[in-house]
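Subject: Structure handover

Hello,

Here is the structure you asked about, with notes on what was found in it. Please look it over before you set anything up.

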Amino acid sequence: MIFGDNREAVIKNIQKAANDRDFTAKVEIGDPQMSLAERLQLVNDYWQRRKSFSSKFNNHVGHALFDALAKTLVGSTEFRGLENLNNLPIGGAILTTNHYNQIDSLPMKLLADKMHHPLSIVIEDTNLKLPGFFRYLMNYVGTIPLVQSPSYIANEFPKHLSHALVQNNWVLIYPEQEMWWTYRKPRKLQRGAYYFAAKQNVPVISTFVEIKDLPKTEKKDANFYETSYVVHVLPPIFPDVSLSANENAHQMMQQDYQQKVAAYEKIYGKKLNYDFLDWDIAGWRGHLTSDKAE
């Protein structure tokens with residue numbers, strides 16, 4: 001789904017997944033479908049291409065476009081809690097946030113810029129095959145594709161992650177995994193981001209993005225209000241050197257989830273309950289029949 005096609009069908013998928021507590025469910029429609037062998041080949045070709053002169057040139061263009069998009073599309077983003085980053089050690093870090101639309105990396109780009117860090121983005125492998133302009137960005141803005149293959153995750157992915165971190169990059173990883181379009185609530189997190197933070201001995205920059213409805217409806221669809229974003233920077237989370245990577249992953253993941261839930265409850269003034277409500281979809285003026293009531 002690119003910028004809201006098939007919106008109500010996607011919202012129905014979110015409703016079902018939320019009520020089923022299936023927090024990593026794919027809810028989008030029309031995502032590229034590829035076999036594991038095809039995805040591994042796609043990512044291998046991506047890394048091979050990165051060495052070419054044309055790819056290096058396109059990376060300069062891609063980063064310039066990314067900067068321009070961030071300033072144009074989400075330049076009004078507010079940032080709160082920046083004081084939590086005052087005493088971070090010098091170097092790279094893992095950055096986590098909620099995954100709510102196709103351009104939710106742009107506020108994170110603005111945050112990284114504020115703190116003078118380059119941003120790398122971990123993406124699902126098939127994003128390299130998205131149509132049109134999105135494909136160009138996914139290939140040329142410093143992304144690190146992730147293939148759900150034990151061999152790739154154990155061997156290839158850590159090398160590329162480490163390379164980004166030693167260059168002082170913040171690496172954006174979505175611990176919710178799948179994107180749920182304009183979904184306000186923090187979902188249960190997956191352990192990968194925290195395991196890699198522990199293995200690389202880097203902090204996790206914990207954030208939660210508030211999505212605010214604006215009084216103006218969208219030009220393309222009057223069923224939706226325009227929205228704006230507030231990035232809440234939460235206390236950073238550090239690995240405990242006395243624990244194993246697996247123990248750290250569990251502990252750090254739980255802390256990040258608790259911080260995001262606490263932020264949600266403070267921001268919106270309500271206890272977190274995953275039973276679906278129409279309000280869960282920011283900006284939406286429509287209505288679905290929910291299977292459960294809050």
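A pocket here is an open set of grid points with protein on both sides within 12 Å along at least five of seven lines, taken over the protein atoms alone. The model is predicted. Its largest pocket has a volume of about 1200 Å³.

Pocket

The lining of the largest pocket comprises 50 residues; those nearest the centre are His99, Ile123, Glu124, Asn127 and Gln177. Two or more lining residues come from each of H3, H4, strand S3 (119-124), helix H5 (132-140), helix H6 (150-166) and helix H7 (192-200). Sorted by class, the lining holds 30 nonpolar, 11 polar and 9 charged residues.

Sheet

There is an open sheet of 7 strands with mixed pairing, in the order S1-S7-S6-S2-S5-S3-S4. S1 and strand S4 (143-146) are the edge strands, each with a single partner, so one side of each has no neighbour in the sheet. From one strand to the next the twist averages 30°.

In general, the strands of a sheet pair through backbone hydrogen bonds, either parallel or antiparallel. This sheet has examples of each sense:

- Strand S1 (residues 78-80) pairs with strand S7 (residues 225-233) in the parallel sense, over 3 bridges. Arg80 stands opposite His232 in S7.
- Strand S6 (residues 204-217) runs antiparallel to S7, and 8 bridges join the two. Phe208 stands opposite His232 in S7.
- Strand S2 (residues 93-96) and strand S5 (residues 170-173) run parallel and are joined by 4 bridges. Thr96 stands opposite Ile173 in S5.

Helix pair

How do the axes of H3 and H4 cross, and at what angle? Helix H3 (residues 53-73) and helix H4 (residues 105-114) have axes that come within 9 Å and cross at roughly 105°. Angles of 65 to 115 degrees count as roughly perpendicular, and H3 and H4 are therefore roughly perpendicular to each other. On the H3 side the contact is made by Phe66, Asp67, Leu69, Ala70, Lys71 and Leu73. H4 contributes Ser105, Leu106, Lys109, Leu110 and Asp113. By class, the residues of this contact are 6 nonpolar, 1 polar and 4 charged. H3 and H4 also each give two or more residues to the lining of the largest pocket.

Regards

Notes:
Residues are numbered from 1 along each chain as its sequence is written. This is a predicted model: local features need pLDDT of at least 70, side-chain atom pairs count only at pLDDT 80 or more; totals for chains, interfaces and linings use all residues. Side-chain values use heavy atoms; hydrogens and water are left out. Axes are lines fitted to C-alpha atoms, for helices over the stretch in contact, and angles run from 0 to 180 degrees between N-to-C directions. Angles under 35 degrees count as roughly parallel, over 145 as roughly antiparallel, 65 to 115 as roughly perpendicular and the rest as oblique. Contact means heavy atoms within 4.5 Å. Ala, Val, Leu, Ile, Met, Phe, Trp, Tyr, Cys and Pro count as nonpolar, Asp, Glu, Lys and Arg as charged, and the others, Gly among them, as polar. Two strands pair if DSSP finds at least two bridges between them. On a 1 Å grid over the protein atoms alone, a cavity is a set of points where a 1.4 Å probe fits but cannot get out, and a pocket is an open set with protein on both sides within 12 Å along at least five of seven lines; lining residues have an atom within 4 Å of a point. Grid points are joined across faces, edges and corners, and a volume is the space filled by probe spheres set on the points.
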